Amino acid sequence: MRAGRVKRTAAAVLCVLLLAGGAFPARAAESIEYADLERLVSGNAQLKDSMESYDTNRENYQSLVDSLTEEREYMLFLAKKYEGTETEQSYRSNASVLARNIEQMKKQLKRLDNKSQTVSRQKTTDTYVQAAQALMRTCRELSLNLSASEKSRQAAEASCGEMMKKQAAGMATAEDVLKASDSLSQAKNLEESYRQQAQQARFSLLSYLGLSDDGSVQIGAVPDPDLNAIQAVNRAEDEESAVNNSETVQSARSLKAGTTAEISRKAGSVAEAESSARAAYAAASETLQAAVISYQAARDAYSGAVLEWQSAQRKKQAGMQSTASYLSAEAAYLKAEAERAAASMALTESWESYQLLVKGVQ
């Protein structure tokens, strides 16, 4: 019986040591999708440490319960074996002490497994997911801005080339060429700025997710928000949920109060916390509605840009548009696309923040 206990204890200790000091190789991924961030964020070193700390604590308590239970059974076995002798009571007394310790350890396990601990772990995960989502939205927005700036630079190059030809033909002045050259220089600078920012944002996202990058990792698009879901929210119910799930409100409500003065102070603290939680909800709700309006406006502007881009394509095919003008039209379309996506992601951010506030994460 003792040998079995030693083996299990040794195995548990080895497991704990591996979890505490083992190295985790960087993970590789071919694509990062927005919907997968909650799974991928598990690679974050800090979140991993936080969750492993909880798991290790629980494992240690369970190991203690198992060991103490086995020891108590052994004491009872000896008490029965030496029943009627002077040592019987000593063994039974030891078994009783072990039983009390076992109950204490089980209470610790129950506390680790209770709903509040589970909710706390989920809130921690939600916080990390929220940060990963923000990083991915930044990556996407910068990537779209980079595409638009690349096309603007190409249009500026074509325009500069056309202006130099016009100057050679006596149809443009040196000042015209200089202006075109300045525009090209500005376009190049903007493109390089976006490229550096996009690279940094990509590095930040992959590092945050604990992913290695050999250049093959693709970062997917951020889905458009669900307007139907946003417009269908029950604001009265959500406000009450936000108040009840607020950690500040919960903390104020949990204060012990016995005397009249304590009861009065508690009531004041609860009222203040609830008022603050309602104000935070109102602000989040207003931000969400403003984001909806901005998104709808950007979507309408994008629809107009699509029509203009289609017109430019038809003119190009008919030989009625210069290369510079065609590239400028494409750049304008890409800029409108980037602005629509930015408004979409801003709404997504507001919607996600709103939902987290209702859940009590923020």
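The paragraphs below describe the chain as a whole and then its nonpolar cores.

This is a predicted model, in which local features need pLDDT of at least 70 and side-chain atom pairs count only at pLDDT 80 or more, whereas totals for chains, interfaces and linings use all residues. Residues are numbered from 1 along each chain as its sequence is written, and side-chain values use heavy atoms, with hydrogens and water left out.

The protein chain contains 11 helices and 2 strands; these are DSSP runs numbered from the N terminus, with helices being H or I of at least four residues and strands E of at least two. Along the sequence, their order is α-β-α-α-α-α-α-β-α-α-α-α-α. Of the 362 residues in the protein chain, 34% are buried, that is, under 20% relative accessible area with a 1.4 Å probe, protein chains only.

In soluble globular proteins, nonpolar side chains tend to be buried together. A nonpolar core is here a set of buried Ala, Val, Leu, Ile, Met, Phe, Trp, Tyr and Cys residues joined through side-chain atoms within 4.5 Å. The largest such core has 26 residues, of which Ile32, Leu37, Val41, Ala132, Met136, Leu205 and Leu209 touch the most other members. Two or more residues each come from helices H2 (37-40), H5 (115-168), H6 (174-208) and H11 (323-359), and H5 contributes the most, with 8 residues.

Leaving aside residues up to four places away in sequence, Met136 touches Ile32, Glu33, Tyr34, Leu37, Leu205, Ile219, Gly220, Ala221 and Val222, a contact being heavy atoms within 4.5 Å.

Methods. Buried means under 20% relative accessible area, exposed over 50%, partly exposed in between (1.4 Å probe, protein chains only).
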